[in-house]
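Here is a walk through a few spots in one predicted chain model. Have the viewer open and follow along.

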Amino acid sequence: MFIPRAQSAFKALRSAQPRVRLYFVSKNAYSSQVEYKPIRSVLVANRGEIAIRVFRACTELGIKSVAVYSEQDKMHMHRQKADESYLVGKGLPPVEAYLNIPEIIRVCKENDVDAVHPGYGFLSERSDFAQAVIDAGLRFIGPTPKVVQNMGDKVAARVAAIEAGVPIVPGTDGPVTTKDEALEFCKKHGLPVIFKAAYGGGGRGMRVVRKMEEVEENFQRASSEAKAAFGNGAMFIEKFIERPRHIEVQLLGDKAGNVVHLYERDCSVQRRHQKVVEIAPAPRLPLELRDKMTDAAVRLAKHVGYENAGTVEFLCDESGNFYFIEVNARLQVEHTVTEEITGIDLVQSQIRIAEGMTLPELGYTQENIKPRGYAIQCRVTTEDPANDFQPNTGRLEVFRSGEGMGIRLDSASAYAGAIISPYYDSLLVKVISHAGDLQSSAAKMNRALREFRIRGVKTNIPFLLNVLENQKFLHGVLDTYFIDEHPQLFKFRPTQNRAQKLLNYLGEVLVNGPQTPLATTLKPAEVSPHVPAVPLVTEPPCGLRDILVRQGPEAFAKEVRSRKNLMLMDTTFRDAHQSLLATRVRSHDLLKISPYVAHKFHNLYALENWGGATFDVALRFLHECPWERLEEMRKRIPNIPFQMLLRGANAVGYTSYPDNVVHKFCELAVQTGMDIFRVFDSLNYLPNLILGMEAAGKAGGVVEAAISYTGDVSDPKRTKYDLKYYTNLADELVKAGTHVLCIKDMAGLLKPEAARLLITAIRDKHPDIPIHIHTHDTSGAGVASMLACAQAGADVVDVAVDSMSGMTSQPSMGAVVASLQGTTLDTGVDLRDVSEYSAYWEQTRTLYAPFECTTTMRSGNADVYLNEIPGGQYTNLQFQAFSLGLGDFFEDVKKAYREANLLLGDIIKVTPSSKVVGDLAQFMVQNHLTADQVLERAEELSFPKSVVEYLQGLIGIPHGGFPEPLRSRVLKDMPRIEGRPGAELEPLDFDKLKQDLKESHANISDRDVMSAALYPQVTNEYLFFREKFGPVDKLDTRIFLTGPKVGEEFEVTLERGKTLSLKAMAMAADLKPNGDREVFFEMNGQLRTVHILDKEAVKEIHVHPKANKAVKSEVGAPMPGTVIDIRVAVGDKVEKGQPLVVLSAMKMEMVVQAPQAGVVKKLEIANGMKLEGDDLLMIVE
């Protein structure tokens, strides 16, 4: 075995006088005179990790290292690792710079270089380069030019193999340069065949062809790739062997004719003929077959007079036959695994052999070389395995490697801040593991790869992990079909990358302002609300939900009715903040107080915490998932029933949906934690109501059918909605099977006397049904009305905690609790708990100052009895008025609301019908129209869309019918719907919707599909936002809304036990050329930076437009690269899948196909244009 020599001894040897040894060699082109001459400096004609690998070997041997670099590589690490570095190829394209032989020789001559190491790729297999080096009086660290030429010429190599008695595969006699020659060979020998670059390797320019009609296209693409990579597009064609193993033998030869093998490597794990994972030695390879292959490799090397390092590659079939493929007359990427199992430094060996040392002098005799254990090499590349391994370029925002015992890393520009360019190979780092057996080596590799944290570019690590965990791989059952036949390798556990995404969000807020529209100029308060303590180690007390879960909805309703005291439902978690804070309260603040509510308010009837406007606002403005909100609240509050608002056939939307959508929604809601469905219809239209009731009931929920209240049953002059109207509706709902009956007074119009009349009448007719009352306190009479309801026989009333009550919200919880203390209706709620609960919300409310209703509304207002504006709409209507420039005319808007209501037929007003009235009111004020003018000019006016759809019947039929002649004048000959709007809709295909979403988004859940069924565009935008910015719901509210202050330290808890410590450091004053602004953060004590496009500043500079992923007609670049072929023109008709553009990046060419059939409307590119990922290529409509 090789015994290492001391570095000082080698340095002394080099400084000694050259000596000459004479060898008498009779054949095979070996020199008869071997001269030992020390090498004092080595130039590496390469870049990246192989250049650094050679530099390290030089340093260990006491040799000066010299680098060359292209203009594009001036910031690359390899030039910094060398003792000296020099620019080559100024003004040349990136690859051509490293192919410029005269300049490389010039650098050598001008800087006293002794020898040149070619690395791999680029010029490493160019015999003219090896000859130029020697002609310049330098030494070439590799085989002789003649051997390089013969072995690089695949035809000559085949001839040599035949002469040496090595089996070969049938193939062309010489290089092929035209597609006609390729067709002729294929027709003569049949398919399948494989095209290979005649003057290079590494999988570049390699294609397998199985169909005759694909020969021409594949030949052109392969030839083009080969020309770009090696400077010559000539191809070699040979018969393709099915299901082979790719085994290669590592050789070392000296100038005296000695050749040894360093055993074999298995390179069968390949994709598109590019090696992905290499193993040494080859697992499960019979010793007899190994010996035959290594003997054949040594025999071939001696036959051609091979010296220095090289590899003989074979294909081995299932029957144990093996065939010569080629000789790689250079060092290979995967040489590392051979070094690990033999302990021999191949690069140092190359240099020593070039100096004139013989293998025996180095201690390399065959009997001394023994393999130890197993080594695996994984090539970590900047390619996206989820997107067909497209090269990914950009800036490494984060780089943290995996290390430890048995792990070796060979890399170049793998550090935070490094730029991954589209000009060169996508290899980022080679990870090599070594252990006693294959499984142990794989375990070390798996562990190391999991330790990596790479952000800013996508990598193939998820794919490599899948390979390492595959049982066939772990048992060494491999062939070149391994990847193709294991589609599960492409099923990835999504990398969350949450921290970096959150930094991107914070940077976006700091550079471009709030990412959710703020209703006013007020800023969130700088407070951290105090959360009252609860004993988290104990379970919260049992509540009504325990009865519901154990015995079902009927028993639940019976229990509610049997209670003698008044029960409360707390609306703080939904309607209260909808009314006061524009529905903007985030899950972050709701979940903080949830454990306290579970422990202290276990005797509540329910918490209203979901549905209605909170659903779409969560997606649209808060950028969080409403389903996750429900799920997380249920985890923290297991004992109190949850109630949601279901808009009948409209579910939680603003339009009608197919029946199966409403049913599926209710099923999913119950599965996620919902209990009680308050089902209502915005027009009290029974068919819509009953559909919602059926859906909630079949899902297993408690059905609480709601009658939307308007008018005044205590006023005998208000005859449209009289007492009989409501009692008749109650009869119908009880008959339809409701478990609980609700009166939904959405505008706060239910006066105390009207409440007594209404509840008494319903209770007399339905003594066994629980009655639940909902109101708003807009007038200030809410508490009085709720007390009247309780005294008249209501079982439950809605309240909000004190600091979130009053005005357009619900009556005060504390006021109702205090008013009934000591009476038979005593709520059983402790007023001290209410006070603590209220204190939390009093502080929390200040975080939402930008949405605070008190900005425009200072107190309750009894004019609600005139305008009848629902509480949940009142503040929203104010903010809308301000955004439309009508802020000073809000009193006019309120008056117009009353007129609009009467114009539309004095309708029930609750979402979405209330929106119809509000839209018409603002339309009237904006256009200075009276009610009479609207009626007179109805045929010529362009009404809001919601008004037209209401008159068409899209949300149902109002009590008393549609207003005439307004309806006829507005609609003219437009279609009308008679009956329930959703009845005629075709069932939604959920499977197709899921598939459609998967085309644009990763990791789509059934919840996402349901959200998209209700709000297609809103959900699509939310999913894109989530993918880009991560879990923004974890941020504190002030930080979420307006971002941190520079210098501010704060924490973000991603999940239990995982907390980020963040600090906003600075924002660059200067703009990058592409319009980006750099923002600096400190995360967990480490500097992190993000680049954010400044949307205002970028207007002043030209930046190529980006494709909008949400718009299917916009075709974007799937990867950064150069446009090399445009196959369509403006006006061309294209079919789905038709080739549009060919891009080239990292020596790989990609054909961009049409995402849909259509016509090319616009081209944004030209040949030769360099593009970034997602740059707009064209528009196909």
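Residues are numbered from 1 along each chain as its sequence is written, and side-chain values use heavy atoms, with hydrogens and water left out.

Let's begin with helix α5, residues 101-110. Helices and strands here are DSSP runs (H or I, at least four residues, for helices; E, at least two, for strands), numbered from the N terminus. In α5, the buried residues are I101, I104, I105, V107 and C108. Buried means under 20% relative accessible area, exposed means over 50%, and partly exposed is in between (1.4 Å probe, protein chains only). Look down the axis of α5 and its buried residues fall within an arc of 155°, so they line one face of the helix; the arc is that of the directions from the helix axis to the C-beta atoms.

What sits over the buried residues of α5? The cover includes β3 (41-44), β4 (64-69), β5 (84-87), β6 (115-117) and α6 (127-135). At the start of the helix, a side-chain oxygen of N100 comes to within 3.2 Å of the backbone nitrogen of E103. Just after α5, D112 takes a positive phi of about 60°.

N111 is also worth a click: it is in the loop between α5 and β6. The side chain of N111 makes a polar contact with the side chain of Y86 at 2.8 Å. A polar contact is a pair of N or O atoms within 3.5 Å; within protein, one must be able to donate a hydrogen and the other to accept it, and residues adjacent in sequence count only if both atoms are side-chain atoms.

Now for the strands. Strand β10 (residues 235-239) is mostly covered, with four of its five residues buried. Strand β8 (residues 193-197) runs antiparallel to β10, and five bridges join them; strands pair if DSSP finds at least two bridges between them. A197 stands opposite M235 in β10.

Next, the annotation. The unreviewed UniProt entry lists R647 and T911 under "binding site". They span 265 residues in sequence, yet no two of their C-alpha atoms are more than 7.9 Å apart, so they gather at one spot. UniProt positions follow the numbering used here, feature names are shortened, and annotations may be inferred rather than shown by experiment. R647 lies in the loop between β27 (642-646) and α25 (659-672), and T911 in the loop between α34 (890-903) and α35 (913-926).

Last stop: A794, in the loop between α29 (782-792) and β32 (796-799). A794 and I759 are 35 residues apart in sequence, but their C-alpha atoms are 6.7 Å apart in space.

| Residue | Relative accessible area | Contacts |
|---|---|---|
| N111 | 16% | K64, E84, Y86 |
| R647 | 2% | G612, A613, V652, G653, Y654, F680, T911, Y1015 |
| A794 | 7% | L566, I759, I771, I773, C789 |

As for T911, its contacts on that basis are R647, Y654, F680 and S682.

Terms used
This is a predicted model: local features need pLDDT of at least 70, side-chain atom pairs count only at pLDDT 80 or more; totals for chains, interfaces and linings use all residues. Contact means heavy atoms within 4.5 Å. Lists of a residue's contacts leave out its neighbours within four places in sequence.
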